[in-house]
Amino acid sequence: MRILLVEDEPGLIITLTDRLRSEGYDVVSAIDGRTGFDKALSEDIDLIILDVMLPKKNGYDVARDLRQKEISTPILMLTAKGETIDKVLGLKLGADDYLTKPFEVIELLARVEALLRRPPVQKPGEANSNAFSFGEISVDFKRAEVVCNERPVELSAMEFKLLQFLIENRGAVHSRDALLDAVWGYDAMPTTRTVDVHIAWLRQKLEENPRHPKFIQTVHGIGYKFAN
């Protein structure tokens, strides 16, 4: 998982970078808001830790402009301001969580883990989008139909549901447990092996080379994601 740290305090950059890397995260940093904004747009980032008080472009403006660009990457906002109005403003502008300085690094790590576990927020109507295409595949969500090179592809109801969830949350990495909850439901009794089997079936039916999938990808040690 890759984290973008946008912070202008050198000591805090070093401390957080070292600790996050020790926890297994890949960390890139920016020391001003404008650079942070550009990196968030151009690089593959899973989470943004964003300070409010930044040179060139403050954190509020960065969060607002990223959301206006339809960048849905989770944002954890850092602020030295403790007033409720400042926290509310950050959340309204697009931050997913906030942490007031000074803070314990262990609390930041807990919030980072929680945000990375959270399923991406769907935009209104996004789950009901009528169609989506990738490669030679066309998916009609309204009719629950899949076509490859103008030929129908037969999917089971659960295969289609899994495919739809991955497409609607494309780019995000989902653990097997998260997929079980989202696709099969809390009351069902499948195992994580069930997810692997259905992923394999989807690849056999949709990928040009199932052994080296282009779209339904494995993120080793974590789970799966849809890349497009």
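This briefing walks through the aromatic pairs and salt bridges in the structure above. Keep in mind that you're looking at a predicted model. A search of the whole structure turns up six aromatic pairs, and the structure also holds 14 salt bridges. Here are some of them, grouped by topic.

**Aromatic rings**

- A pair of aromatic rings is described by two things: the distance of the centres and the angle of the planes.
- Take F132 and F134: their ring centres are 6.2 Å apart with 35° between the planes, which makes this a tilted pair.
- F132 counts as buried because its relative accessibility is 13%, under the 20% cut-off.
- F134 is buried too, at 3% relative accessibility.
- F134 also pairs with F215, and here the centres lie 4.9 Å apart. The planes of F134 and F215 meet at 65°, so this pair is edge-to-face.
- Where do F134 and F215 sit? F134 is in strand β6 (residues 131–134), while F215 is in the loop between α8 (192–206) and β11 (216–219), so the pair ties together parts that are 81 residues apart in sequence.
- Like F134, F215 is buried.
- Zooming out, ring pairs join F132, F134, F215 and F226 into a cluster.

**A charge over a ring**

- Have a look at K57 and F37: the charged end of K57 sits over the ring of F37, 5.0 Å from the ring's centre.

- Side chains of opposite charge can pair when their charged atoms come close.
- D51 and K101 make a salt bridge, with their closest N and O atoms 3.3 Å apart.
- D51 belongs to strand β3 (residues 47–51) and K101 to the loop between β5 (97–100) and α5 (105–117), so this pair ties together parts that are 50 residues apart in sequence.
- Are these two buried or exposed? D51 is buried at 3% relative accessibility, and K101 is buried with a relative accessible area of 16%.
- D51 and K101 also belong to a network of salt bridges that links them with E7 and E9.

- The side chains of D61 and R64 meet in a salt bridge at 3.2 Å, N to O.
- D61 and R64 are three residues apart in helix α3 (residues 59–68), so about one helical turn separates them.
- D61 is partly exposed, with a relative accessible area of 25%, and R64 is partly exposed at 32%.
- R19 and E23 form a salt bridge as well, at 3.6 Å from N to O.
- R19 is partly exposed at 33% relative accessible area, and E23 counts as partly exposed at 39%.

Methods:
Residues numbered from 1 in each chain as written. Predicted model: local features only at pLDDT ≥ 70, side-chain atom pairs only at ≥ 80, totals over all residues. Heavy atoms only, no water. Phe/Tyr/Trp six-rings, centres within 6.5 Å; stacked < 30°, edge-to-face > 60°. Buried < 20%, exposed > 50% of the residue type's maximum accessible area, 1.4 Å probe, protein only. Helix = DSSP H or I, 4+ residues; strand = E, 2+ residues; numbered from the N terminus. Lys NZ or Arg CZ within 6 Å of the ring centre and 35° of its normal. Salt bridge = Lys/Arg side-chain N within 4 Å of Asp/Glu carboxyl O.
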